[in-house]
Amino acid sequence: MTEGEEEESTQEPRAVVRRRRRWSSVWVVPAVALVLAGWLVWKHYHDKGPLAYVRFSTAESIEAGKTEVRCRSVRVGIVEKIELANDLQSVVAEVRIDPDSEGLLRRESRFWVVKPRVSASTISGLGTLITGAYIELEPGDGPPPVHHFDGLEEPPVTSANVPGLRLTLVAEDAGSLTAGSPIYYRGFEVGRVERRTLDIENRRIRFDVFIDDNYADLVREGTCFWNTSGIDVTAGADGFKLSTPSFQAMLSGGASFAVPKGGVPGRPINDGRVFGLFPDEDAAKKSIFVPDHKCLLFFDQSVRGLTVGAPVEFRGIPLGRVVEISFEHSPNGDSRVPVVVEIDSDTLTKAVEDIDNGKDVLAECVRRGLRATLSTGSLLTGALYIDLDFVPDAPPAELTKSGEYDVIPTLSSGLAQLENKVNAILAKIEKLPLEETLNKFGTAADEIAITVKEVRSAIDEAEAALVEAKKLLARDETQNITAELEATLKEVRGSVESLGPNGAVQGDLSRTLDELRAALRAFKTLSDSIEEKPNSLLFGRESSGNSEPKAKRK
Amino acid sequence: MGEVRTAASEGLASCHMCGKVSPVREGHCPRCHSKLHLRKPHSLERTWSFLIAAAAFYFPANLLPMMSVSGLAGNSSDTILSGVINFWKKGDFLVAIIIFSASIMIPILKMIALTWLCLAASGFTSASPKNLARLYHVTEFVGRWSMVDVFVVAVLVCLVQLGVISTVTPGPAILSFASVVVLTMFAAMSFDPRLLWDRHVEEAAESPETT
């Protein structure tokens, strides 16, 4: 280079001094390349979207790289990887959510696998037979950035964002009510059971129930729910009862609700309200009593047929129910059967209006003769109920206390009364002087024997009379009667002969016949002439040629 | 060695366009009128910049999916390396080795080689200029063959468009990969191997004086 410069300087006196550019424009290329490459990498990872880890109990029908995640049938992601969880009890599906759908990953979001399911009540997911299963994502309401989820094993019956009423029913027994079972209002389906869980602590079954928004107003504070699953045959105090729900409810169970007759509907309720689920409609109807008063009844008779829950009625109006039948409440040395009942004293107060509210209504009623009796509700089943009524001629009694309960005096009645009456009759029969009577019967029999003897002698006499009659017949006068009879017959024969051919009657008859024959002959000539000249009837016998009709002359 | 006379020392330059050797002071080639330079101008600078650009694209080319196949069997998108691993796992060792060497090894070896050459031209290493020149020619020759990957993807994308059954779409890595190949070729082109000899001559001239 030095040589070149020297040469240039020798030839050209004026040196053109060019400052060499410090940075060549070629450096733009790596700068652009760096920016571009960086942007590509960043965009790729940014576009990948977030990962969500969903835990399922099994990876059945989920495939990595194939199974899509959908929200309302719109693809929002794909399963990238499936791995066994660390505890080997479940699988974790790594789900790549599309970057646009990142907001779907919220606290309450739910995942479940949509695959063909066939149950008694529904058939769902048949489309996935061909397309393969997919994972449904249902966005929740919680705060957004959540990446670990527990997948549901069963699809939720209704999605959480469907508006409606969500309640909890608590039952003693699950029956056949399961997730998906319909909830009826007067036989019309208005909701579904979403989930059922066993509350181990309280040993009860909890049902999460969804009522459609349109029908949410039907559920009020006073509403009762009851199980309508299966066929219900009850033999209660009111006879046999067979109730069948719809076919679907029979298969998959179901529950109904209503405000029982006489109940107060109350205000509409909010989500999360807990209701009891009654085993049947009867129980629900009975539940409207607000039993506020527990009483004790002592029955001096068998309570066989009386069950816990049996009604307590006041003149046929339900007033309460039997709570407990147990000797626990009986004082020592008392063999009467104690029955604890709870009654709605409000209803009783309404029934007896003329008693001041200030006074103890029950005590006053007992003073006036209110007594409890066991009555037979159904002769067929022998079920008993407790009847409260005013008994006019009851022995006077007062309301007493036994422990914490008021004791209402009782009267035995019904079958027990009948039994007592029969007993009384038997006692009376026992008191009768049977032996004396038998003795009398003996003497009477003797007398009868004597009478029989007398009768026999009378018969003998009659026999003798008959013998005499026979003798009478054998006598001559009796024989003559036949001879007279013969003569009479002869006379009859003579009179018959006069009717014969030589008799007078016969001659008359032949004469009459001759006359009749002559008359017939004359009639024959007449008919012949008419036959020849039919007009002779009109024109006469002689007329011929132009005959003129002989009309009636005016 | 110091007495070797070079064209540059005589003030002669070979025209970049037509190859005619003319005195450099004429400025323009008398035959084709293109500018005359003793050496490629800014050769090292350009090589370095293309090299850096190629290295920048090398990352997306390997990190991003090369090609994605979607169809009944689901979607799968493979990067170069995952493709190689898949082939290896399936037992197609030959294919795996070819893809690995053509698409991963060659570009990176090319870049390393060019880096070495640039450093050598700047005098940071002392290797025999003969070997370096051979390395340069190998690098330049091999460069164009690493486009095989790009061609394979291009052909597949054209052929496999069966709709629902199977569809191949190119991934974002394909552009980066092509950029890497092109930029390394540019880098190789803009490198002037004569600089290696110049450096050798300089060193040879300096060394007798110092020793």
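In this model, 23 residues of chain B are in contact with 19 residues of chain A. The model is predicted. On chain B, helix H1 (43-63) and helix H6 (173-190) are the elements that give two or more residues to the side touching chain A. H1(B) gives the most, with 11 residues.

**Interface and main core**

- By class, the side of chain B that touches chain A has 12 nonpolar, 8 polar and 3 charged residues.
- The largest nonpolar core holds 40 residues, of which Ala54(B), Phe57(B), Leu183(B) and Ala187(B) touch the most other members.
- A second, separate core has 27 residues, among them Leu297(A), Val322(A), Cys365(A) and Val407(A).

**Helix H4 of chain B**

- H4(B) has 15 residues and should span 21 Å at 1.5 Å a residue. Its end C-alpha atoms are 21 Å apart, in agreement with that value.
- The buried residues in H4(B) are Pro129(B), Leu132(B), Tyr136(B), Thr139(B) and Gly143(B).
- Viewed down the axis of H4(B), the buried residues fall within an arc of 80°, so they line one face of the helix.
- An α-helix has 3.6 residues a turn, so residues three or four places apart point the same way.
- Lys130(B), Asn131(B), Arg134(B), His137(B) and Phe141(B) are exposed on the other side of H4(B).

**Positive phi in chain A**

- Most residues other than glycine have a negative phi.
- Ser61(A) has a positive phi near 60° and is not a glycine. The residue sits in the loop between strand E1 (51-56) and strand E2 (68-71) of chain A.
- Ser61(A) has 15 other C-beta atoms within 10 Å, so it is partly exposed.
- Arg186(A), also not a glycine, has a positive phi of about 55°. Its place is the loop between strand E11 (182-185) and strand E12 (188-199) of chain A.
- Arg186(A) has 9 other C-beta atoms within 10 Å, so it is exposed.

**Glu10 of chain B**

- Glu10(B) is in the segment before strand E1 (12-14) of chain B.
- Glu10(B) has 12 C-beta neighbours inside 10 Å and therefore counts as exposed. The cut-off for exposed is 12 or fewer.
- Glu10(B) and Val24(B) are 14 residues apart in sequence, and their C-alpha atoms are 9.3 Å apart in space.

**Confidence in chain A**

- The average pLDDT of chain A is 79, and 83% of the residues score at least 70.
- Within chain A, confidence is lowest in helix H1 (residues 2-11), at a mean of 49. The highest value, 89, belongs to helix H9 (residues 434-474) of chain A.
- Residues 1-9 of chain A have a pLDDT below 50. This stretch has 8 contacts in the model beyond near neighbours in sequence.

Terms used: Residues are numbered from 1 along each chain as its sequence is written. Chains are lettered from A and ligands numbered from 1 in the order in which they are written. This is a predicted model: local features need pLDDT of at least 70, side-chain atom pairs count only at pLDDT 80 or more; totals for chains, interfaces and linings use all residues. Two residues are in contact if their C-beta atoms, placed from the backbone, lie within 7 Å. Helices (H or I, at least four residues) and strands (E, at least two) are DSSP runs, numbered from the N terminus. Ala, Val, Leu, Ile, Met, Phe, Trp, Tyr, Cys and Pro count as nonpolar, Asp, Glu, Lys and Arg as charged, and the others, Gly among them, as polar. A residue is buried if 20 or more other C-beta atoms lie within 10 Å of its own, exposed if 12 or fewer, and partly exposed in between; C-beta atoms are placed from the backbone. A nonpolar core is a set of buried Ala, Val, Leu, Ile, Met, Phe, Trp, Tyr and Cys residues joined through C-beta atoms within 7 Å. pLDDT is the predictor's confidence in each residue, from 0 to 100. The expected span of a helix is 1.5 Å times one less than its number of residues. The arc is that of the directions from the helix axis to the C-beta atoms.
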